[in-house]
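Let's take a walk through this fold together. Have the sequence and the 3D view ready, and follow along.

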Amino acid sequence: MPDEQLLSVRDLRISYRTGTGEADLVRAASFDVAPGEIVCLVGESGSGKTLTGRAILGLLHHNDRMRVSGSVVFGGRELTGLPDRSLRTVRGSQIAMIFQDPVAALDPVVRVGEQVAEAMARRGRRRGRSRVSGEIADLLRRVGITDPELRMRQFPHEISGGMCQRIGIAIALAGDPGLLVADEPTTALDVTIQAQVLDLIAELRRERGLSVLLITHDMGVAARMADRILVMYAGSIVEEAPAADFFVHAAHPYGLGLIRAVPRIDIDRPGRLSAIPGAVPEARNRPPGCAFHPRCPVRLDLCAEEEPAPLRLGGQLVACHRAADMLTGRLSLWDSEAPVG
Ligand code: SF4
């Protein structure tokens with residue numbers, strides 16, 4: 001991994017004011033994204049992934065009940081605390097986001113072509129009308145939209161949800177950003193379009209050195225795309241590892257549980273599909289100690305009392321009281337045929 005990071009997030013905390021106090025939604029998250037690197041942030045719904053992505057772009061400041069602290073440095077510049085007008089110059093042209101809800105992300109009263117043109121203009125790419133139209137059509141074609149000239153004249157309500165998502169991706173790429181924060185970018189798409197979009201992101205990384213923070217609960221997408229994996233649970237990053245290591249020896253019981261819950265058609269796995277019992281706790285009902293302990297198959301008494309500190313061994317970081325045993329191979333859940341949980 002290069003020493004120079006494009007994005008460095010340190011001690012990011014997001015809390016929400018409730019009627020009875022404050023609940024931590026993201027707790028001291030720290031990670032980096034290097035130039036040209038694809039980092040996947042994985043975890044179940046409700047683990048804090050989307051909030052982390054939005055906080056990077058400063059999109060949570062408008063909510064009076066939310067409090068964001070910590071440091072987000074992009075390209076050597078601290079973004080935390082910048083006024084909204086300064087952040088607007090960063091959004092779209094330097095960091096772009098693909099949102100989970102494709103329809104809500106588009107302006108319903110502006111034609112598709114104008115929305116893409118606006119994103120191009122943010123990068124200072126104003127050119128003659130016909131040339132811009134040609135570039136928009138090319139971009140729409142690259143994200144798998146057929147008949148782009150027709151689509152450019154349409155409003156979002158005239159096209160399908162899957163196509164809205166592809167237009168959202170085109171808008172994100174139109175500003176030629178250095179970092180793409182992609183929040184479940186392919187969830188609404190069928191598998192063939194999903195493959196096209198993932199190929200496109202991989203190609204842009206190769207061609208332009210695009211860095212990507214890819215937020216997903218789909219471990220298949222993570223396995224296909226990631227250089228590095230961050231596993232988030234109940235607002236904390238509990239494991240970080242190069243993707244090649246993670247998928248062969250994930251060391252946190254939660255990370256391993258996510259891998260084993262994926263249905264596989266390429267191997268003969270008898271019995272029932274593995275599942276992690278229970279659900280991610282709500283922030284205001286976070287269990288004491290390790291937040292995963294009520295669901296963990298290898299918990300110790302200590303786990304309910306003391307929150308584990310992260311342990312780093314090589315490129316892998318694991319926040320678990322049994323991390324040393326897992327990382328040195330003294331304890332392995334990989335050999336077990338029993339479901340994790
Ligand atoms: S700290 Fe304990 S409960 Fe938490 S993941 Fe590790 S073994 Fe399981």
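Start with the rings: there are four aromatic pairs here, where rings of Phe, Tyr and Trp (its six-membered ring) pair if their centres lie within 6.5 Å. F246 and F247 make an edge-to-face pair, 5.1 Å centre to centre with 85 degrees between the planes; planes over 60 degrees apart count as edge-to-face, under 30 as stacked and the rest as tilted. F246 has 0% relative accessibility, so it counts as buried, while F247, at 24%, counts as partly exposed. Buried means under 20% relative accessible area, exposed over 50% and partly exposed in between, with a 1.4 Å probe and protein chains only. Y233, Y254 and F292 form one aromatic cluster.

A quick word on the source: this is a predicted model, where local features need pLDDT of at least 70, side-chain atom pairs count only at pLDDT 80 or more, and totals for chains, interfaces and linings use all residues. Residues are numbered from 1 along each chain as its sequence is written, and side-chain values use heavy atoms, leaving out hydrogens and water.

Now find the open sheet, with four strands in the order β2-β1-β4-β5 and antiparallel pairing. Strands are DSSP runs of E, at least two residues long, numbered from the N terminus, and two of them pair if DSSP finds at least two bridges between them. β2 (21-33) and β5 (77-78) stand at the edges with a single partner strand each, so one side of each has no neighbour in the sheet. Strand β4 (residues 66-74) pairs with β5 over two bridges, and F74 has R77 in β5 as its bridge partner.
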